[in-house]
Amino acid sequence: MAGTMRIAITPGDGIGPEVVAEAVRCLEVLREKHHLALEWTRFPWPSHAWHEQHGESWPSDALDQLRDYQAILLGALGDPGPVDDPNRYLLPDSISLAPLLEMRKGFDQWVCERPARLLPGARQYLKDDRAKDIDMLVIRENSEGEYVSQGGRLRKGTPDEVATQMEVFTRKATERIVRYGFEQARIRAAARLQEGRTRSFRTLDGRTCESQVCIITKRNALRHWGDMYTEVFEEISKEYPDVATHHELVDAACMKFVQCPWAFDVVVASNLQGDILTDLAAVLSGGMGVAPSCNLNPTDPDMPSMFEPTHGSAPDIAGQGIADPTAMLFTTARMLEWLGRKDPAMATAGQELFDAMAADLAESGDQQRSCREIGTAVCNRLKG
């Protein structure tokens, strides 16, 4: 039996505190119902409010404090709103979002997982009825690539200013993210078969597989890392003959995400390209308001993973009580599922929260409800 799981809750900015409050209500219900060995601590940082008071987004020892937790549940970071307050305290995104990158790198959260499945009740933006079959997992390399923050600005503010931004790709990171993609493809195929759902993907030699991995690059223009990604992908694919393979350039992938998103299963992409593709996939599966996101360290169980909804702080509606907590509740379910690796009771609770949220979405997703009303409806399902 695993010991008590500890969660660091960081509500952040804008609608973050509002949607996090509903997640905590659900956690309280599940903890009591399943006698979960679960506890949590709220932190007022990172946030605009903390920066306004202390001159920094979070304390200098923030990572050391968070290291003692098994998971981090983050609300949102950025412009806190409300936007009609011209005197609100504002920070550049490079400052307000910096803690995200610091957590991902500091805890080696090298996988960013963003599932995109069009659930009943979610808004369908594509007219084609085949869009109902959207069910993909976009896996974004989260530790290096375009977001390593190496570079600088020379002669800043002058007509001769030069800005450099370096991309860094390593074979080690490429191999582990590609292999992770193939492993997830197998896991997803097995889960579908257990549920009585099947999918069919053609291989280059004409065979049919239950799963597929698509690698995304821009190797025609960014040839050095693009070629390395492609070569590693081809090498590792030989270990998974049961998984179909596919390659797309990122611009073509954006088009095909719209034209035929049902043709994708698992997608593996670099940090920046995955960031863009996952936002597009979120819209195709109902919008940012329903899309969860996970930043995972699968290789070190002692490092905390971080869970955040895909959406931002929505300063235009902050403080009005009308934020949709759906994405945060789906994210919380994913967090419990992740903690279930050590304690099966957590996985059971995570599945129950996912099912309750999905049932609420199917029944009332087309209704205008307050943040609190949605949270109450889900809690009532959990209690029932």
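Author: Two strands are taken to pair if DSSP finds at least two bridges between them. Helices (H or I, at least four residues) and strands (E, at least two) are DSSP runs, numbered from the N terminus. The model is a predicted one, in which local features need pLDDT of at least 70 and side-chain atom pairs count only at pLDDT 80 or more, while totals for chains, interfaces and linings use all residues. Residues are numbered from 1 along each chain as its sequence is written, and side-chain values use heavy atoms, with hydrogens and water left out.

E4 covers residues 111–117, and five of its seven residues are buried; buried means under 20% relative accessible area, exposed over 50%, and partly exposed in between, with a 1.4 Å probe and protein chains only. E4 runs antiparallel to strand E5 (residues 135–141), and seven bridges join the two. Within that pair, arginine 117 stands opposite aspartate 135 of E5. E4 also pairs with strand E13 (residues 294–296), again in the antiparallel sense, over three bridges. Here valine 111 stands opposite leucine 296 of E13. In a regular strand the side chains alternate between the two faces of the sheet.

Helix H10 (residues 326–339) is another element to have in view. Of its 14 residues, 13 are buried, so H10 is largely enclosed by the rest of the structure. Its end C-alpha atoms are 20 Å apart, in agreement with the 20 Å that its 14 residues should span at 1.5 Å a residue. The expected span is 1.5 Å times one less than the number of residues in the helix.

Next come the spaces themselves. The search uses a 1 Å grid over the protein atoms alone: a cavity is a set of points where a 1.4 Å probe fits but cannot get out, a pocket is an open set with protein on both sides within 12 Å along at least five of seven lines, and lining residues have an atom within 4 Å of a point. Grid points are joined across faces, edges and corners, and a volume is the space filled by probe spheres set on the points.

The largest pocket holds about 1,200 Å³ of space. It is lined by 35 residues, and those closest to its centre are Pro115, Arg188, Arg334, Glu337 and Gln351. E4, E5, E13 and H10 each supply at least two residues of this lining, as do helix H6 (171–195) and helix H11 (344–364). H6 gives the most, with nine residues. The lining divides into 19 nonpolar, six polar and 10 charged residues, where Ala, Val, Leu, Ile, Met, Phe, Trp, Tyr, Cys and Pro count as nonpolar, Asp, Glu, Lys and Arg as charged, and the others, Gly among them, as polar. Domain 1 (1–116 + 287–383) and domain 2 (124–151 + 169–285) both contribute, so the largest pocket lies between them. The domain bounds come from an automatic or database domain assignment.

The second largest pocket contains about 750 Å³. Closest to its centre, out of 29 lining residues, are Arg123, Asp324, Gly365, Gln367 and Gln368. H11 provides the largest share of this lining, four residues. By class the lining has 12 nonpolar, 11 polar and six charged residues.

Two cavities reach 30 Å³ or more. The largest cavity has a volume of about 70 Å³, and its lining consists of Met5, Gln70, Pro301, Met303, Trp338, Leu339, Arg341 and Lys342. Five of these are nonpolar, one is polar and two are charged.

The second largest cavity has a volume of about 40 Å³. It is lined by Arg114, Pro115, Ala116, Val138, Thr278, Ala281, Ala282, Ala291 and Thr310. E4 and helix H9 (271–284) are the elements that give two or more residues to this lining. By class there are six nonpolar, two polar and one charged. As domain 1 and domain 2 both give residues to the lining, the second largest cavity lies between them.

Proline 309 sits in the loop between strand E14 (305–307) and H10, and at 2% relative accessibility it counts as buried. Proline 309 and serine 293 are 16 residues apart in sequence, with 5.2 Å between their C-alpha atoms.
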